[in-house]
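Welcome! Please take a look at the sequence and the model below before reading on.

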Amino acid sequence: MTWRNWGGTEVCAPSATLCPTSADDVAAIVVRAADDGTTVKAVGSGHSFSGAAVTSGVHVDLSALRGLTGVDADARTVSLAAGTRLHEIPDLLAPHRLAMANLGDIDRQTVAGATSTGTHGTGLQFGGISTQIVGATLVTGTGDVVRLSSDDVELDAVALGLGALGILTDITLRCVPAFGLRAVETTGSADDAIDGFLHRVAAHDHHEFYWFPHTDCALLKANTRLDGDLPPDGPGRLRRYVDDELLSNKVFRALCEVGARAPWAVPGIAHLSGRALSGRTFTDSSTRVFVSSRTVRFHEMEYAIPLDSVPDAMREIRAMIARRRHRVSFPVEVRAAAADDLMLSTATGRNSGYIAVHRYHRDDPTDSAAYFRDVEQILTAYDGRPHWGKMHTRDAEQLRAGYPRFDEFLTVRDRFDPGRVFANPYLTRTLGV
């Protein structure tokens, strides 16, 4: 069976796809693959745009490993089977009045896939989802089932392990009391969004903005954390449907299709879309505010750069798009996250700004590749670190220079997967042999 990821950027033909129901099942699969001289890759929702899950060996589908496996109410920690989807977690936590401290805007990923590739949200006081991990169960390349806690230095590698160290079967997260968010979305100029970014990320719990190429239009979002569960407030169900489904997905998809067939029309479409933007204010549970419906398929590249460099980098990207005459339907997304000390986190050792660029999946592939290449050239000049689950061209030697604990991670890899049972072309390029 041919496997493709969600965005259509990667495809492979695994020799088998197996669906274990326990850690012991996973261990047996790994031992058998090692004996047969083949490789194994865990696969979740396929929402990574990189080749992290690609294999010609055995795919291990974690969809049968789902659900809540333990709760420590006093410590506010929960254990989840690794194949649990992010969108399933709020209902699992609700009876315990707990929530994840921060989330990105897409919740289709498995908890193991999201943490293994460095998925993050926005907020200068909050790290990526991997920083919420305080324990994990991992099946190593030798078939051993290893339980790690926050006392184990190896957890700094396993919490964001790229699938290079083993197959996660269980993850323990430190949660927070359930909370709500007051969301304020406003429209503004691109210059104001860029120039005011550093001030706004410092002033708000969660801030991000979207700039629409070919225009001076930006959409700014600021979320304020509120104690406890609060009743929804703000635009009604119809307005939310119009904004979040009709305009952001159905109409936007139609406009992207027009742009893909007639690239010359993209700037005009962008100006029309920019003028149609409107602000809104609403209150809801944290999950419902953090997460947005994303049904329009796209390709994505995202880089983390030092926070203070974001305004200059964005100005260069704007100038490059105009100079190179790229025709870009999707907005550029700009976020921030707190520094952490995980070995391969894109925010390790520094507060980070994230710049994400997208192209519609039916856009001309030659122009899309050139656009990503031009953006990557700008962001690597700012000591950029690519998101592990998104498109990039960096290799091991280039990445080593940007990660102070890179070689420490490789030492853990040698110990946990000495026979490279979990290797694939993506890991060989990014980590070395």
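The model is predicted, so local features need pLDDT of at least 70 and side-chain atom pairs count only at pLDDT 80 or more, while totals for chains, interfaces and linings use all residues. Residues are numbered from 1 along each chain as its sequence is written, and side-chain values use heavy atoms, with hydrogens and water left out.

- Asp107 sits in the loop between strand 8 (98-99) and helix 3 (111-117); helices (H or I, at least four residues) and strands (E, at least two) are DSSP runs numbered from the N terminus.
- Asp107 counts as buried because its relative accessibility is 12%, where buried means under 20% relative accessible area with a 1.4 Å probe and protein chains only.
- Its side chain makes a polar contact with the side chain of Arg108 at 3.0 Å (a pair of N or O atoms within 3.5 Å, one able to donate a hydrogen and the other to accept it; for residues adjacent in sequence, both must be side-chain atoms).
- Apart from neighbours within four places in sequence, Asp107 is in contact (heavy atoms within 4.5 Å) with Leu86, His87 and Val291.

**Strand 19: burial**

- In strand 19 (residues 352-360), 9 of 9 residues are buried.
- Ser352, Tyr354, Ala356, His358 and Tyr360 point one way from strand 19, and Gly353, Ile355, Val357 and Arg359 point the other way.

**Strand 19: partners**

- Strand 17 (residues 298-306) pairs with strand 19 in the antiparallel sense over 9 bridges; pairing takes at least two DSSP bridges.
- Within strand 19, Val357 has Met301 opposite.
- Strand 18 (residues 332-337) also runs antiparallel to strand 19, joined by 5 bridges, and Arg335 stands opposite Tyr354.

Technical notes: Buried < 20%, exposed > 50% of the residue type's maximum accessible area, 1.4 Å probe, protein only.
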